Structures are given as C-alpha cells and as structure tokens.
Amino acid sequence: MRTLLITGPGGSGRSTVAAATAQAAAGNRTRTLLLGADRGDTLGAALGVVTGAAPVRVAENLSVWRPDATESFRADLTAFQERASSALQLLGAARLDAEELTPLPGAEELTLLRALRDAALSEAYDLLVVDLPPTPQALALLALPEELRRYLRRLLPAERQAARALRPVLGRLAGVPMPSEWLYDTAGRWDVELAAVEAVLADRNTSVRLVAEPGPAGADAVREAVLALALRGLRPDRLVANRVLPESVEDTWLAGLGVQQRKTLDEWREAYDVRHVPHLGHDPRGTDDLAALAVPGVEAAGSTVEWPVVDRLAEDGGERVLVWHIPLPGAIRDELDLVRRGDELVVTVGRFRRIVPLPSALRRCTVAGAALREGELRIRFTPDPDLWPQGR
C-alpha cells in the first residue's frame with residue numbers, strides 16, 4: 001500500500017488538497033482511506049460529509065477516518081492503571097475513572113500515529129492519504145516514534161530484562177520494590193508499536209507532500225519545512241502551490257498579489273517539483289469543487305533519502321578517511337552544530353535537532369572535521385587504531 005503524508009503551513013489549504021487528492025485517487029479505482037488529525041471536521045466540510053471516530057464510506061473506493069483521541073487515551077490509561085495497580089496501591093494513589101479522563105498533550109499525535117500504523121498494515125486499502133497537522137506540529141509528529149523509542153531504550157534498556165530473576169532479591173536488599181515485570185512488558189509492547197510506525201514512515205512507498213500558498217510567508221515556511229524534513233532523512237515528492245491566481249487579473253490589488261505569487265513560483269521551480277492548484281474564488285466545498293482543483297496524483301516515488309558513508313583517502317593521499325554525507329538543503333553554517341555522544345551524533349540545524357546513531361563503521365572512528373557544501377553536510381571520520389581491526 002502507498003502512503004502519502006500531506007502537510008503545510010497553517011491556513012495553506014492542506015486539508016482541502018488532501019481531500020481532493022484522495023477523491024481523485026478513488027475516482028481512478030484506487031481503494032483510498034483519507035486519515036485526518038484536526039479536532040474540527042475540516043475534511044468532512046470539504047467533502048460535504050460528516051466524519052468521525054470510525055472510517056466512513058463517502059464514495060466508491062473512498063473512506064474517511066478521524067480518530068478519537070479521547071477514547072483512545074481513556075482506553076490506554078485505564079489499561080495502564082490495571083497493570084500498575086500494585087504500584088499505585090503502594091503509593092496510596094487513587095485510581096482515575098474513565099469518565100474523568102481527558103487527553104493530555106501528545107495524546108492526539110499518538111492516536112494519529114496508531115491509526116496510521118493500523119491502516120497501513122491493513123489490506124483494505126491501496127492508498128492512505130494522511131492530512132497531517134500544520135508543518136511545525138507535523139514535523140514533531142514525524143520525529144515522535146524515533147524519539148520515544150530512544151527514551152525507552154535509555155530508561156528501560158532491554159538487556160536489563162536478563163536480570164528478572166534477581167529483581168525480587170535486589171528489591172529486598174534495597175528496601176524498595178524494583179520495576180515489575182509488567183513495566184518491561186509494557187515498554188516492550190510500546191517499542192514494537194513505535195517500530196511499526198517508524199517502518200511505515202521510512203517505507204519506500206511512503207511520500208511526503210508540501211502544500212503552501214506562494215508568497216513571502218509561504219516561501220519561508222517551505223524553506224524551513226524542507227530543511228527539517230531533510231534532517232529526518234526525508235524530502236517532499238511535490239510542492240503544491242495552492243490558491244494560484246490567474247495571470248490575467250484586471251483588479252489592481254489582485255494583480256499585485258498575482259505578481260508576488262509568480263515571483264515566488266519562479267523561485268520554487270528552480271528547487272522543487274512544483275504543481276499549481278488554482279484559486280476558485282471561494283472556499284472549495286463538495287466533490288465538484290475538489291475535482292476542479294486538479295491536484296497532482298500519487299506516483300510511485302518515496303521520500304526517504306540515503307545518508308551514504310564514502311570510504312576514501314585524504315586529499316594528501318595518506319590517511320584513510322570515511323565521509324558521512326548528510327543532505328541538508330537550505331542549511332546555514334552559522335546555525336549548524338554537531339556533538340558526538342558515544343555512538344550517537346547530535347545534529348542541530350537552527351531550531352531543529354536530531355540524535356542519530358552512527359553507522360557501525362563510524363563507531364570505531366574519531367571525528368576529523370566537517371564541512372557544509374552545496375546543501376550537504378560532510379562529516380569526516382578517521383579510523384581509531386585501537387578499535388579498527390588491523391590490516392582492514
């Protein structure tokens with residue numbers, strides 16, 4: 001199954017474009033599920049239907065689903081309280097009833113990721129179109145599975161599960177209860193679920209598409225989004241320029257806006273695969289309006305980008321050097337920072353940060369330097385004689 005993730009700046013019309021994309025795919029006899037994240041029924045408003053917590057069939061080959069974060073959060077926390085009942089009793093904590101639970105920050109993101117995983121693993125659809133939140137929230141959501149898995153590995157490392165038999169003894173010696181079996185089981189289950197989401201996001205059949213209205217604000221948002229996606233090893237398959245005015249506009253005010261749009265479009269064409277979506281003169285509502293947008297289709301091109309390690313000799317022809325190539329289009333040298341922490345590399349670009357594990361070959365090397373050239377970060381490593389096998 002193919003997965004298309006659509007995001008863009010707030011107010012860019014991304015939900016409308018997502019609805020039009022799903023409708024067009026369904027019209028081509030592709031079994032399509034449109035998955036939304038907004039609290040309000042923006043997708044339903046565009047399609048002229050009411051969506052909810054269960055998939056709703058709105059046309060032949062097209063269903064829409066808006067997962068309910070409240071019910072999902074209640075079910076998860078209720079199950080957690082059941083598993084942690086002994087620890088809660090020890091602490092004298094009062095259990096919460098399902099009726100008094102409201103979602104905490106992050107619950108909606110986790111609910112959407114779980115729905116994305118379930119839909120991607122099902123065999124009911126050929127295409128999953130996901131209307132992600134506005135770009136800043138979408139970027140945080142895409143990073144969430146990797147970051148949560150890293151936290152779990154640090155807080156509850158899998159190798160400690162080998163000491164299960166000693167846990168009761170250690171608890172008596174320490175005078176406090178040690179982490180129970182259910183805690184490690186829960187962490188293991190979460191890790192498996194998050195790994196499944198990561199696999200969907202990194203799959204070669206998954207694409208990311210940006211939607212923006214051409215103009216100075218849209219150009220800034222696109223530039224930032226492309227850089228943040230690159231830090232996650234992704235790049236947009238298309239840039240959809242939404243609400244593009246016709247070139248022949250007689251009104252003076254609209255003519256000025258059209259000139260501004262065309263200037264931005266010329267800049268975008270030099271860097272991205274840009275597709276135009278026309279301004280209809282009103283907010284699109286219903287299937288006829290969505291069809292009139294003529295949005296680009298979904299092609300078999302993934303969004304993942306390789307970060308290759310190149311083995312070569314230094315420029316002076318002497319020492320061996322391994323160079324890690326990390327594409328970061330639009331990065332600025334003064335806003336770039338690198339820190340190595342053991343077998344991990346902390347990469348900071350502006351306000352975006354990612355902690356990535358080093359490839360196995362680079363873990364036996366020391367950092368020799370780095371350079372940013374032509375939108376690509378190139379980090380040089382030299383083999384550590386104490387760790388690198390002799391003669392290799």
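Ala138 counts as buried because its relative accessibility is 1%; "buried" here means under 20% relative accessible area, with over 50% called exposed and anything in between partly exposed (1.4 Å probe, protein chains only). This is a predicted model, so local features need pLDDT of at least 70 and side-chain atom pairs count only at pLDDT 80 or more, while totals for chains, interfaces and linings use all residues. Residues are numbered from 1 along each chain as its sequence is written, and side-chain values use heavy atoms, with hydrogens and water left out.

Back to Ala138. You'll find Ala138 in helix 6, residues 135-155. Helices (H or I, at least four residues) and strands (E, at least two) are DSSP runs, numbered from the N terminus. If you skip the neighbours within four places in sequence, Ala138 is in contact with Thr7, Leu132 and Pro133, where contact means heavy atoms within 4.5 Å. Ala138 and Gly8 sit 130 residues apart in sequence, but their C-alpha atoms are 8.6 Å apart in space.

Now for Ser12, which lies in the loop between strand 1 (2-7) and helix 1 (14-27). Is Ser12 buried or exposed? Ser12 is buried, because its relative accessibility is 3%. Leaving out neighbours within four places in sequence, Ser12 is in contact with Val211, Ala212, Glu213, Asn242 and Arg243.

The side chain of Ser12 also makes polar contacts, listed below. A polar contact is a pair of N or O atoms within 3.5 Å; within protein, one must be able to donate a hydrogen and the other to accept it, and residues adjacent in sequence count only if both atoms are side-chain atoms.

Next stop, helix 9. Helix 9 (residues 216-231) has 16 residues and reaches 23 Å from its first C-alpha to its last, close to the 22 Å expected at 1.5 Å a residue. That expected span is 1.5 Å times one less than the number of residues. Among the buried residues of helix 9 are Gly218, Val222 and Leu231. After helix 9 comes Gly233, with a positive phi near 75°.

Finally, the whole protein. It has 11 helices and 15 strands, and 43% of its 392 residues count as buried. Of the contacts with a separation of 6 or more, 67% come from residues 24 or more positions apart.
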